[in-house]
Amino acid sequence: MTEIKKDWKKEQDRIDTIVEVIDAKVSFLEQNTGHIKEDILEIRKNFWNDVTINFDEPDDITETFASIKQQAEMLSERERSQGQVQKQLKTLLRLKDSPYFGRIDFHEKGESDSQSIYIGVASLLDRNSENFLIYDWRAPISSLYYDYGLGPAAYDTPGDGQIQGEIELKRQYIIRSTVLKGMFDTGVTIGDELLQEVLGNNASTQMKSIVATIQREQNEIIRSEGTKYLIVQGVAGSGKTSAALQRVAYLLYRYRHILQAEQIMLFSPNPMFNSYVSTVLPELGEENMQQCTLQQYIDHRLGTKYRVEDPFEQMEYILSNRDDEGFYARKEAISFKASLSFKNYINDFVTSLSDSGMIFRNISFRKKILISARQIEEKFYSLDKGYSIPNRLLIVTDWLKKELKQLAKRERNKEWVEQEIQLLEKVDYLEAFKQLQKKRRNTEETFDDFDQEHLFLAKEVVNKRFKPLLAKVKRLEFIDHLALYRCLFNMKFIPDNQLLPAHWEQICEYTLNRLKKFEIPYEDSIPFLYLQDLIEGRKSNTLIRHIVIDEAQDYSPFQFAYIKQLFPYSYMTILGDMNQAIYSHTMNAPTILSDEFYDMAETKLVVLNRSYRSTREIVEFTRELIQGGEQIEPFNRSGKKPTLTQVYSETGLNIQVIERIRAIQSRGHQTIAIICKTAQESAKVYQTIHGQVDARLIKKGTLYYEKGILIIPAYLAKGIEFDGVILYNISQEVYGTEDERKLLYTAATRAMHELHLFSLGEISSLLDGVSENTYELNV
């Protein structure tokens, strides 16, 4: 038997031993959880039998409460134990299939022998729970596997400082269903063999964990600590999102006693992306963090009162209405309202409101004004101007509540109250009787007094009608926020030092027309909320401890400033690619990936230039679409060159696209995306070809996608990858301006294995700078 075969057998024997240990632990836990379930059922069944209930005396009530609390705590403790056992079982069953993926032999300085460290997605102790058979990939010693090749190495520990030594062996494994399928010894961080095996697979409809193939630069992201802001500038396919998700798993492991999954929030580009990444943390044995899009937050705050435009509607307008009369004014408005200059403009406006200009609503009841807007304004400005606007509003709110309570008393003798009393159901009278009896328990009064009965019922009727008014006052709905926001565009308020856009008058007219219809353009949504929060003094979210912002290049400076205001105590991981900044407000403007928005003393920047998603041939083509693309390094995985096919009729285009789909499928690829420029074009293509191929149309509201043929707008494909990508029409007519270069690049970089471009007529000038030897031209 050769040395290699001996080594292979030794490793397989160890895997078999590990599986035996796992099976033994699973058997023990299953028996244990059976007993716990029996205990829970028994406690639930006999809960009230085991509780002493006595309400006769105060001491008896206290004893009853203590008895109930004791039983509830016992039940809660048993349920927690069951949850922990179930979690351990899931971890063990996940380990059994593929126990570990890496090994290092580390000779610690000062020790006589080296130690073999096996690394997997979770830790595993031996049968006696004394020694580690497998180390969790997040353990301090596991960082050696990701950060070093053979030779001197060191890792930091929480208690003992830095441990130094030497790595004598570094080995990678591919284990499937407890069988060793591959084994590589390597001197680099993670060997290309394992990466090739992983990256050569078909695309999945959900992102997978990358713990077996984390590269050194990705490990730096995952384990980074000590700075408030971690900025990751990564090229398309560099694994920045995957690394960020592993980072969340690492943080939950590292700070497991003080940080919970619900204290971490991911801001993602769209709902479908949320679904795409939703399995990564559970795959690593962690609960999912909170996931949200900025638009979902905006809709939560404004969606019940206004029709709020979303970013995709705005994008459709910009991509499809270049000939519109107000197009350039709208573009200028989007840029200005995304800037910190507009934020300062609002700050100046709110400062002016301290002296005059606040706008309130009448408080009306039964079509009559109870308290007029003028009265509220007079009360507000009668208060000491040394108080902030939010503090003055608190005083006004208390005043309004008192006024409404007095007005409610006067309403009790009104005719409408008598009419409603007559219409009360019998059950209402009985309820009134019970409530009155409770109040009179310790008195000699009776319910025979008709006047007292009538007064009680009148009070109940009026209080029920006034309750919504008081609730609105508590929510500060007496402030007319829409009217206040309109004031920003009525040409009356212009600070001396404010530089306004050239088309300001057109911008004001457009904005006021939309607001008049109770419509809020996307570019106005965050400024509107910011103004509202400045006035009301809304409290920040202190529960969230860590924010992850993906596709950060799409966030405007104003939006980011607002997020920082919402979560002032949160650490942030900010990921993006400036070359994929496709929204209008990012054109010729700084993105939040720029260091100008941060205090560099509390910021760390990591740059990822290596692309792992696509084949070398695809990367060599796509990087020539953008300025500075020569810095992008392709991973050494070969495939077919991209193809560019020029056709001259729409019928011919559709025939060729269908033929190309079938050719891609014949090569075993399962996820194929036909990427169009807009939703409008996507819908048209779907209507044309879905009768000939089984395709699914992806819309902005789509929550998930399945394997197969997808037709999708370019801006919805961000962050997702596909086996094969067809760019439906990259003609000069469709992609004809420099503003659309990054959108084209974003679409092209979704491809893992195959990229095919079609042009109906003249090919886009955006390809003029691309070397002809990077693609195959078919005319």
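Reader: Does Glu411 count as buried or exposed in this structure?
Author: The model under discussion is predicted. A residue is called buried when its relative accessible area is under 20%. The relative accessibility of Glu411 is 8%, so Glu411 counts as buried.

Reader: With which residue does Glu411 form a salt bridge?
Author: Side chains of opposite charge can pair when their charged atoms come close. For Glu411, the closest N and O atoms of the salt bridge are 3.0 Å apart. The partner of Glu411 is Lys414.

Reader: How many salt bridges does the structure hold?
Author: The pair of Glu411 and Lys414 is a salt bridge, and a network of salt bridges links Asp7, Glu11, Arg103, Asp105, Arg171 and Asp185. For the structure, the number of salt bridges is 37.

Reader: How many residues apart are Arg254 and Glu225, whose side chains meet in a salt bridge?
Author: The N to O distance in the salt bridge between Arg254 and Glu225 is 3.3 Å. Arg254 belongs to helix H6 (residues 240-254), while Glu225 sits in the loop between helix H5 (216-222) and strand E8 (229-234). Arg254 is partly exposed at 35% relative accessibility, and Glu225 is partly exposed at 33%. The pair links distant parts of the chain, and the separation in residues is 29.

Reader: How many residues apart in sequence are the parts tied together by Lys331 and Asp739?
Author: The side chains of Lys331 and Asp739 meet in a salt bridge with an N to O distance of 2.6 Å. Lys331 lies in helix H11 (residues 327-337), and Asp739 lies in the loop between strand E24 (722-727) and helix H25 (741-748), so the pair ties together parts whose separation in residues is 408.

Reader: How many of the residues of helix H10 are buried?
Author: Helix H10 spans residues 311-320 and is mostly covered. Its buried residues are Pro311, Phe312, Gln314, Met315, Glu316, Tyr317, Ile318 and Leu319. What covers them includes helix H9 (294-302), H11, helix H20 (522-536), helix H24 (679-689) and H25. Of the 10 residues in H10, the number buried is 8.

Reader: Which residue caps the N-terminal end of H10?
Author: The cap involves a side-chain oxygen and the backbone nitrogen of Phe312.

Reader: What distance separates the C-alpha atoms of Leu92 and Ile22?
Author: Leu92 is placed in helix H2 (residues 58-97) and is buried, with a relative accessible area of 7%. Leaving aside neighbours within four places in sequence, Leu92 is in contact with Ile22, Lys25, Val26, Leu29 and Leu124. Leu92 and Ile22 are 70 residues apart along the chain, yet their C-alpha atoms are separated by 6.2 Å.

Reader: What is the relative accessible area of Gln263?
Author: Gln263 lies in the loop between H6 and strand E9 (264-267). Beyond its neighbours within four places in sequence, Gln263 is in contact with Ile258, Leu543, Ile544, Arg545 and His546. Gln263 is buried, and its relative accessible area is 13%.

Reader: How many disulfides does a search of the whole structure find?
Author: Cys292 is buried, with a relative accessible area of 13%, and Cys487 is buried at 17% relative accessibility. A disulfide requires two cysteine sulfur atoms within 2.5 Å. The number of disulfides found is 0.

Reader: What is the area of the nonpolar surface patch that includes Leu777?
Author: Leu777 is part of strand E26 (residues 776-778) and counts as partly exposed at 45% relative accessibility. Tyr648, Leu777 and Val779 make the patch, whose area is about 370 Å².

Reader: What percentage of the residues in the protein chain is buried?
Author: The chain has 25 helices and 26 strands. It exposes about 37700 Å², of which carbon and sulfur atoms supply 48%. Among contacts between residues at least 6 apart in sequence, 73% join residues at least 24 apart. Of the 779 residues, the buried share is 53%.

Definitions and conventions: Residues are numbered from 1 along each chain as its sequence is written. This is a predicted model: local features need pLDDT of at least 70, side-chain atom pairs count only at pLDDT 80 or more; totals for chains, interfaces and linings use all residues. Side-chain values use heavy atoms; hydrogens and water are left out. A salt bridge is a side-chain nitrogen of Lys or Arg within 4 Å of a carboxyl oxygen of Asp or Glu. Helices (H or I, at least four residues) and strands (E, at least two) are DSSP runs, numbered from the N terminus. Buried means under 20% relative accessible area, exposed over 50%, partly exposed in between (1.4 Å probe, protein chains only). Patches are made of residues with over 30% relative accessible area and no salt bridge: like charges are joined within 9 Å, nonpolar side chains (Val, Leu, Ile, Met, Phe, Trp, Tyr) within 5 Å. Accessible areas come from the Shrake-Rupley method with a 1.4 Å probe; for residues, only the protein chains shown count as cover. Contact means heavy atoms within 4.5 Å. A polar contact is a pair of N or O atoms within 3.5 Å; within protein, one must be able to donate a hydrogen and the other to accept it, and residues adjacent in sequence count only if both atoms are side-chain atoms.
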